[in-house]
Protein chains: 2
Amino acid sequence: MKSVNVGLCGLGTVGSGTFNVMQRNLEDIARRAGKPVRITHVGARRDNPACHLGSVKVSRDIFDVARDPDIHILVELIGGNDVAKELVLEAIKHGKHVVTANKSMIAIHGNEIFKAAEAQGVVVTYEAAVAGGIPIIKGIREGLVANDIKWLAGIINGTGNFILTEMQEKGRAFDDVLKEAQALGYAEADPTFDVEGIDAAHKLTILASIAFGIPLQFDKVYTEGITKITREDVQYAEELGYRIKHLGFTRKTNEGVELRVHPTLVPSKRLLANVNGVLNAVLVEGDAVGPTMYYGPGAGSEATASSVIADIVDIAREIDNAGNVPHLGYSSETENMPVLPVSEIVTAYYLRISVKDEIGQMANIARIMSEKGINIEAIIQKEPEDESDVVPLILLTHPVREHRMDDAISAMQALESVTKPIVRIRVEQLDG
Amino acid sequence: MKSVNVGLCGLGTVGSGTFNVMQRNLEDIARRAGKPVRITHVGARRDNPACHLGSVKVSRDIFDVARDPDIHILVELIGGNDVAKELVLEAIKHGKHVVTANKSMIAIHGNEIFKAAEAQGVVVTYEAAVAGGIPIIKGIREGLVANDIKWLAGIINGTGNFILTEMQEKGRAFDDVLKEAQALGYAEADPTFDVEGIDAAHKLTILASIAFGIPLQFDKVYTEGITKITREDVQYAEELGYRIKHLGFTRKTNEGVELRVHPTLVPSKRLLANVNGVLNAVLVEGDAVGPTMYYGPGAGSEATASSVIADIVDIAREIDNAGNVPHLGYSSETENMPVLPVSEIVTAYYLRISVKDEIGQMANIARIMSEKGINIEAIIQKEPEDESDVVPLILLTHPVREHRMDDAISAMQALESVTKPIVRIRVEQLDG
C-alpha cells in the first residue's frame with residue numbers, strides 16, 4: 001500500500017508535539033489509517049531540541065515544503081495570519097491537502113481558503129483549531145449530522161477558565177490569578193487574546209459555521225472578556241446558585257444567529273458549570289439528540305497534536321479512494337493481547353464489614369489485612385445498626401491485586417465476629 | 001448527483017425515530033452529505049402510527065429489503081440476535097452497506113459480521129450501539145486516532161445510572177427506585193439486562209475493541225450489576241468523598257487487557273461522578289491528548305436515531321468515492337441567515353447595583369425595571385460595602401431583549417443614588 005507523506009511546517013509547541021506523537025505511535029497510526037503515514041519533510045526556521053528529526057528532510061524556507069512534489073499533506077503549525085495564509089494557499093496551488101491548528105487564520109480567512117481548496121479538489125482540515133484535543137469539529141460535522149442544531153455553548157479558552165475557577169474556588173482576585181497563570185505558562189505575557197475573548201471569538205466563529213452551515217463571520221461576533229469580573233460577583237452568583245463561566249455562545253433564532261462571547265452565569269448543577277481549570281468543554285443542543293457535551297484539554301503540545309494527527313489520518317484514509325474507517329478502528333485486530341481474569345486486576349476497594357461490637361475485633365481485621373499486604377487508606381466506624389451489637393466498619397484500601405483481596409475477604413468472613421456477608425465495591429480514581 | 005437509497009428494517013422506538021428525523025431534516029442532511037439520502041424501502045411486520053410512510057415502499061418480510069437491488073444501505077433496527085444477524089449477512093451478501101444499533105449482535109457476532117463485510121467490500125457501522133446519541137465510536141476510532149489509549153471508563157447504561165442517582169440524591173432504596181424506573185419506561189419489565197450489567201458489558205466489549213484494536217470478546221467481560229448496592233453504601237461512599245457509579249472499565253496493562261463492568265466508587269469531584277440520571281458519559285485517557293469525555297443521552301428514539309443517521313451519512317459520503325466532508329460541514333453555506341446584533345438577543349441578566357442605603361432607592365430601581373417590562377427573579381441585598389453608606393443590590397432578571405436592558409441600565413445609572421457603574425453579566429440556563 002502506498003504510504004502517505006506529510007510535510008510539517010512549524011516546530012513550536014504544537015509542531016514538536018505532532019512530530020513526537022507521530023514518531024511514537026507510528027505503528028498504531030498505520031494500523032488505523034490502513035497505510036503508513038510519515039512525516040518526510042519539516043519546514044522550520046530552526047531545530048527544536050525536543051524533536052529528533054533523524055533523516056527527515058529539513059527546509060529553513062517553509063515554502064519549500066509546499067512545493068515538495070513528494071508531499072501529499074502539508075501541516076501548517078506556524079501560527080499567525082498572513083504568512084500562514086500565504087503558505088496554505090501555496091500548498092493548495094500545488095495540489096496538497098492541508099491540516100492546520102490556526103484558529104485565527106480559519107476564522108478570518110477560512111472562506112477564501114476553502115474556496116481555493118475546493119477549486120483545486122483538495123481539503124483543508126482544522127480540528128485542532130477549536131478546543132485543542134477535543135474532537136469537536138468531527139463531533140458536530142459528522143457525529144451530529146442528523147440534527148438541526150439549536151444552540152451551542154463552549155468553554156473554549158482554557159486560560160480564562162483557569163482564572164475564573166481560581167476566583168471561584170479560592171476567592172482570589174482577577175489580577176492576582178492572571179499573574180499566576182502567566183507564571184505557569186497558561187497565559188501569554190500579553191494576555192489580551194485570552195482575557196478579552198478574542199481567542200474564544202475565533203473559535204466560536206468556526207463552531208457556529210459548522211453548526212448552522214453559515215459562512216465564517218468573525219467580524220460579527222459580540223466579544224466581551226473577563227477582565228471586569230470581580231470576586232464579589234463570583235460570590236454573589238454562587239449564592240444565587242450559579243457559576244460565572246466565560247462562554248462562546250451561538251443560537252439560531254427566527255430572527256437570525258446569535259454570535260457572542262462573554263462572561264455568563266450558568267446554573268451550578270449543570271455539568272458545564274463544573275468544568276474547571278484549563279479544561280475546555282462544548283455543549284451542543286440538537287433537535288434529535290438533545291444535549292451532548294465534549295470535554296478535554298483545550299491546549300497543550302501533545303493534546304493539540306492529537307487533533308492535528310486525527311485530521312492527517314482522515315485525509316490519508318481518503319487518498320487512493322480507500323476512505324472507509326476499519327470496522328474496529330484498526331485495519332487488523334491484534335490477537336496477542338490477552339484479557340486479564342478479574343482475579344488479576346489491581347484496584348482499590350471499599351469494604352463494609354458488619355462486625356460484633358467487641359474488644360479486639362478491629363485488631364483481627366487489621367491483622368488479616370496486614371498479612372495479605374493490604375494497606376488501609378481510610379476507616380469509618382459507625383454506631384451499631386438497629387439495636388443489635390453489630391457495627392458497620394467501612395474500609396477504603398490502597399490498590400491491591402483482586403485475588404489477594406478475595407483471600408482477605410474469605411479470612412475475614414470466617415471470623416466468628418463477622419456476622420454478615422462482607423460488601424465489596426471497587427474504587428477507581430480515574431486520574432490519568 | 002446520484003441519490004443514496006436507504007432500506008430501513010424495524011419501525012420500533014429507534015426505527016420510527018430514524019424515519020422521522022430523516023424526513024424532518026431531509027434538506028439539511030442532503031446539504032451535509034453532499035447528495036440526497038432517502039429512505040426508499042421500509043421492512044416492518046406492522047406500521048407504526050408515529051411514522052407517516054407516504055409513498056415509501058413497505059415490505060412485511062424484512063429480507064425483501066436486503067434483496068432490493070435499489071438499496072445502497074440497509075439499516076437494521078429490529079434488535080435481537082439471530083434474525084438480525086441473518087438479515088445483516090443477507091444484506092452483505094447482496095452488496096449492501098449496513099448500519100445497526102444492535103449492541104448485543106455486534107458484541108457477540110461482530111467478528112464474523114465484519115469478516116463477511118470485508119470479504120464483500122462493504123461496511124457495517126454501529127455508532128448507535130454504544131451510548132445512544134453520543135458519537136463515541138467516531139470519537140475513539142477517528143478523533144483519538146493518534147493516541148495510544150490507556151484506559152476508558154463509561155457510564156453506559158442509563159437505567160442503572162438513574163437508579164444510582166436517585167439512591168444517592170434522595171437516599172432511596174434500590175427496589176423502590178427500580179419500580180419507579182419501570183413505571184417511567186426507563187427500565188424493562190424484566191430489568192435483568194440493565195441492572196445485572198449485561199447491556200453495559202455488550203457496550204464495553206465494543207469500546208475496548210476500538211480502543212485497543214483487539215477482537216470483540218464479550219464472553220471475557222467480568223460483569224457485576226447494581227442489585228446489591230444499598231443506600232448505606234451510597235451514604236458511606238459519600239462520606240468518604242466518593243459516588244458509586246456503575247462503570248464499564250477497560251485498561252491496557254503489561255499483562256493484558258482488563259474488561260470489567262461493576263459498581264465503582266469514583267471521587268465526587270470528577271466530572272464523570274457528576275453525570276446523573278439517565279445520561280451516559282465515556283471518559284477516555286489517551287497518551288497524547290490526556291483525558292477527554294463524551295456526554296449525552298444513551299437511549300431514546302430520536303437520540304439514538306441521531307447516531308444511526310450519522311452512520312448513514314458517513315457511508316453516503318463514501319459512495320461514488322466523494323468521501324470528503326465539506327469544509328464547514330455543509331456542501332454550501334447559506335447566506336440568508338443574518339447575524340443578530342447583540343442589542344437584539346434575549347437573555348436573563350445578573351445586575352450588581354451600588355446604591356445609597358436610603359429609603360425609597362429600591363422603589364426607584366423597581367419602578368424603572370417595571371417601566372421597561374423587566375421581571376425580577378431574585379434579589380439579594382447586602383450589608384454596606386466597607387464603611388460607606390453604599391449597599392450592593394444584586395438582581396437576577398427574567399429573559400428580556402438586550403436593548404431594553406440597556407435602556408433600564410441607563411435610566412438606573414442616571415439615578416443620583418446609584419454611585420458606581422452597574423455591573424451586568426448575562427445568564428444562560430442551558431436547559432434545552
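Of the interface residues of chain B, 99% are also interface residues in chain A, so the copies meet through the same surface. Contact here has a set meaning: two residues touch if their C-beta atoms, placed from the backbone, lie within 7 Å.

This is a predicted model, in which local features need pLDDT of at least 70, side-chain atom pairs count only at pLDDT 80 or more, and totals for chains, interfaces and linings use all residues. Residues are numbered from 1 along each chain as its sequence is written, while chains are lettered from A and ligands numbered from 1 in the order in which they are written.

## Two copies and their contact

How are the two copies related? Chain B can be laid on chain A with an RMSD of 0.0 Å, using a turn of 180 degrees and a shift of 0.0 Å along the axis. The two copies are thus related as by a two-fold rotation axis. In chain B, the C-alpha of B:Tyr294 is the one nearest the axis, 2.4 Å from it. The superposition is by least squares on the C-alpha atoms of residues with pLDDT of at least 70 in both copies.

The contact takes 115 residues from chain A and 115 residues from chain B. On the side of chain B that touches chain A, strand S10 (residues 257-267) gives the most, with 10 residues. By class, that side of chain B has 64 nonpolar, 26 polar and 25 charged residues. Nonpolar means Ala, Val, Leu, Ile, Met, Phe, Trp, Tyr, Cys and Pro; charged means Asp, Glu, Lys and Arg; the others, Gly among them, count as polar.

A strand pairing also crosses between the chains. Strand S17 (residues 423-427) of chain A runs parallel to S10(B), joined by 2 bridges. Here A:Val427 stands opposite B:Leu265. Strands (E, at least two residues) and helices (H or I, at least four) are DSSP runs, numbered from the N terminus. Two strands pair if DSSP finds at least two bridges between them.

## Chain A as a whole

Chain A has 14 helices and 17 strands. Its C-alpha trace spans about 85 × 55 × 45 Å along the principal axes. Of the 432 residues in chain A, 57% are buried. Buried means 20 or more other C-beta atoms within 10 Å of the residue's own, exposed means 12 or fewer, and partly exposed lies in between, with C-beta atoms placed from the backbone. Take contacts in chain A between residues at least 6 apart in sequence: 72% of them join residues at least 24 apart.

The domain assignment gives chain A domain 1 (4-133 + 301-318), domain 2 (137-297) and domain 3 (346-427). Such bounds come from an automatic or database domain assignment. The centres of domain 2 and domain 3 of chain A, taken over C-alpha atoms, are 46 Å apart.

## Strands around S13 of chain A

| Partner of S13(A) | Bridges | Sense | One bridge pair |
|---|---|---|---|
| S15(A), residues 390-397 | 7 bridges | antiparallel | A:Ile353 and A:Leu393 |
| S17(A) | 5 bridges | antiparallel | A:Arg352 and A:Val423 |

Strands of a sheet pair through backbone hydrogen bonds, either parallel or antiparallel.

## An open sheet in chain B

In what order do the 6 strands of the open sheet in chain B stand? The order is S3-S2-S1-S4-S5-S6, and the pairing is parallel. Strand S3 (57-59) and S6 of chain B stand at the edges, each with a single partner strand, so one side of each is left without a neighbour in the sheet. Strand S1 (residues 4-9) and strand S4 (residues 73-76) of chain B pair over 4 bridges. One bridge there joins B:Val6 to B:Ile73.

The largest nonpolar core has 298 residues. A nonpolar core is a set of buried Ala, Val, Leu, Ile, Met, Phe, Trp, Tyr and Cys residues joined through C-beta atoms within 7 Å. A:Val282 and B:Val282 have the most contacts inside this core. Leaving out residues up to four places away in sequence, A:Val282 touches several residues, including A:Ala131, A:Leu152 and A:Tyr294.

A:Ala131 lies in the loop between strand S6 (124-125) and helix H6 (136-143) of chain A. Its phi is positive, near 60 degrees, in a residue other than glycine. Is A:Ala131 buried or exposed? A:Ala131 is buried, with 35 other C-beta atoms within 10 Å. In chain B, B:Ala131 has a positive phi of about 60 degrees and is buried, with 35 other C-beta atoms within 10 Å.
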